[in-house]
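Please look through the sequence and the model shown below before reading on. The report that follows moves from the whole chain to single pairs and single residues.

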Amino acid sequence: MRVIKPHSINELMQRVNNIAGMTLGQLAQQYQFKTPEDLLLEKGWAGQLIEYVLGATAGSKPVPDFEDLGIELKTLPISFKGKPLETTFVSVTPLLNVTGMTWQQSNVRKKLAHVLWLPILGEREITPFDRTIGSGFLWQPSAIQDAQLQRDWEEQMELIALGRVDEISGHLGDAMQIRPKAANSRIVTDAIGPNGQIIKTLPRGFYLKTSFTGEILKQQFQL
């Protein structure tokens, strides 16, 4: 079954409402979406399934998932109590040629300008196939949230520009952290070193902390 992209936000939200309450397994069967043998090893499967069913178009391009609508899709695994179970990947962190970059022009800000959050019950004891899809909702950062993200982005990007990438840990940032993003520690990339020379380091990514996404859920559902 081939899904065409939604032509309006209303059409997209209609699709979101239609899948609320279904399990990932039911959805995969309905759309004849290929399901891997070992879902626990296929971390991206749920996101790919949802992207397919909702008609996301971006693939791996650095643009919002629903390019024409300017909306980024983020699935969010939650506990029985409605709290986020893991941090949310936003985008790859640039480690070279970072001088002159601004928050306003950053990929992170573009990705988070308009987000469709889709909570999915993700408790470990529920097999991925049986995880229930919650009520998706649209979100745009408030001025306070934008300022919080900007502060975290600028603080950590400054360390990268100064050649201090290896000082960055997950403890930095109130709303957003930078941490390694690689399948294993053999994957390395170029970065600026302490004396301005090029060094090899692990690729990094920007992730929203669970405290930040938890607040978004609280505001939406008055938890």
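## The chain as a whole

Of the 223 residues in the protein chain, 45% are buried, where buried means under 20% relative accessible area, exposed means over 50%, and partly exposed covers what lies in between (1.4 Å probe, protein chains only). The model is a predicted one, in which local features need pLDDT of at least 70 and side-chain atom pairs count only at pLDDT 80 or more, while totals for chains, interfaces and linings use all residues. Residues are numbered from 1 along each chain as its sequence is written, and side-chain values use heavy atoms, with hydrogens and water left out.

The secondary structure of the protein chain consists of six helices and eight strands, where helices (H or I, at least four residues) and strands (E, at least two) are DSSP runs numbered from the N terminus. Read from the N terminus on, the elements follow the order α-α-α-β-β-α-β-β-α-β-β-β-β-α. The protein chain has a radius of gyration of 18 Å, close to the 17 Å that the globule rule gives for 223 residues, so it is as compact as a globular protein of that length; the radius is taken over C-alpha atoms, and the rule is 2.2 Å times the number of residues to the power 0.38. The C-alpha trace spans about 55 × 40 × 35 Å along its principal axes.

Among the contacts in the protein chain with a separation of 6 or more, 65% are between residues 24 or more positions apart, a contact being heavy atoms within 4.5 Å. The protein chain exposes about 12100 Å², of which carbon and sulfur atoms supply 51%; accessible areas come from the Shrake-Rupley method with a 1.4 Å probe, and for residues only the protein chains shown count as cover.

## Charges and salt bridges

The protein chain carries 23 positive and 23 negative side chains, and the centres of the two sets lie 1 Å apart. In this count Lys and Arg are positive and Asp and Glu negative, with His and the chain ends not counted, and the place of a charge is NZ of Lys, CZ of Arg, CG of Asp or CD of Glu. Side chains of opposite charge can pair when their charged atoms come close.

The structure holds 10 salt bridges, each being a side-chain nitrogen of Lys or Arg within 4 Å of a carboxyl oxygen of Asp or Glu. The table gives some of them.

| Pair | N to O distance |
|---|---|
| D68 and K5 | 2.6 Å |
| E72 and K111 | 3.5 Å |
| K218 and E215 | 3.2 Å |

The side chains of D68 and K5 meet in a salt bridge. This pair links distant parts of the chain, 63 residues apart, with D68 in the loop between α3 (45-54) and β1 (72-78) and K5 in the segment before α1 (9-19). D68 counts as exposed because its relative accessibility is 57%, whereas K5, at 33%, counts as partly exposed.

E72 forms a salt bridge with K111. E72 lies in strand β1 and K111 in helix α4 (residues 107-112), so the pair ties together parts that are 39 residues apart in sequence. Are these two residues buried or exposed? Both E72 and K111 are buried.

K218 and E215 also meet in a salt bridge, and, being three residues apart in helix α6 (residues 210-221), they are separated by about one helical turn. K218 is partly exposed, with a relative accessible area of 40%, and E215 is partly exposed at 37%. Elsewhere, salt bridges that share partners join E72, K74 and K111 into one network.

## Residues in loops

K181 lies in the loop between β5 (176-180) and β6 (189-192) and is partly exposed, with a relative accessible area of 35%. Leaving aside neighbours within four places in sequence, K181 is in contact with F89, P203, R204, G205 and Y207. K181 and R204 are 23 residues apart in sequence, yet their C-alpha atoms are 4.9 Å apart in space.

H114, in the loop between α4 and β3 (115-121), is buried, with a relative accessible area of 16%. Beyond its neighbours within four places in sequence, H114 has contacts that include I9, E72 and W139.

Q32 has a positive phi of about 50 degrees although it is not a glycine; Q32 is placed in the loop between α2 (24-30) and α3, and counts as exposed at 65% relative accessibility. N97, another residue other than glycine, has a positive phi near 50 degrees. N97 is found in the loop between β2 (88-92) and α4, where it counts as exposed at 70% relative accessibility.
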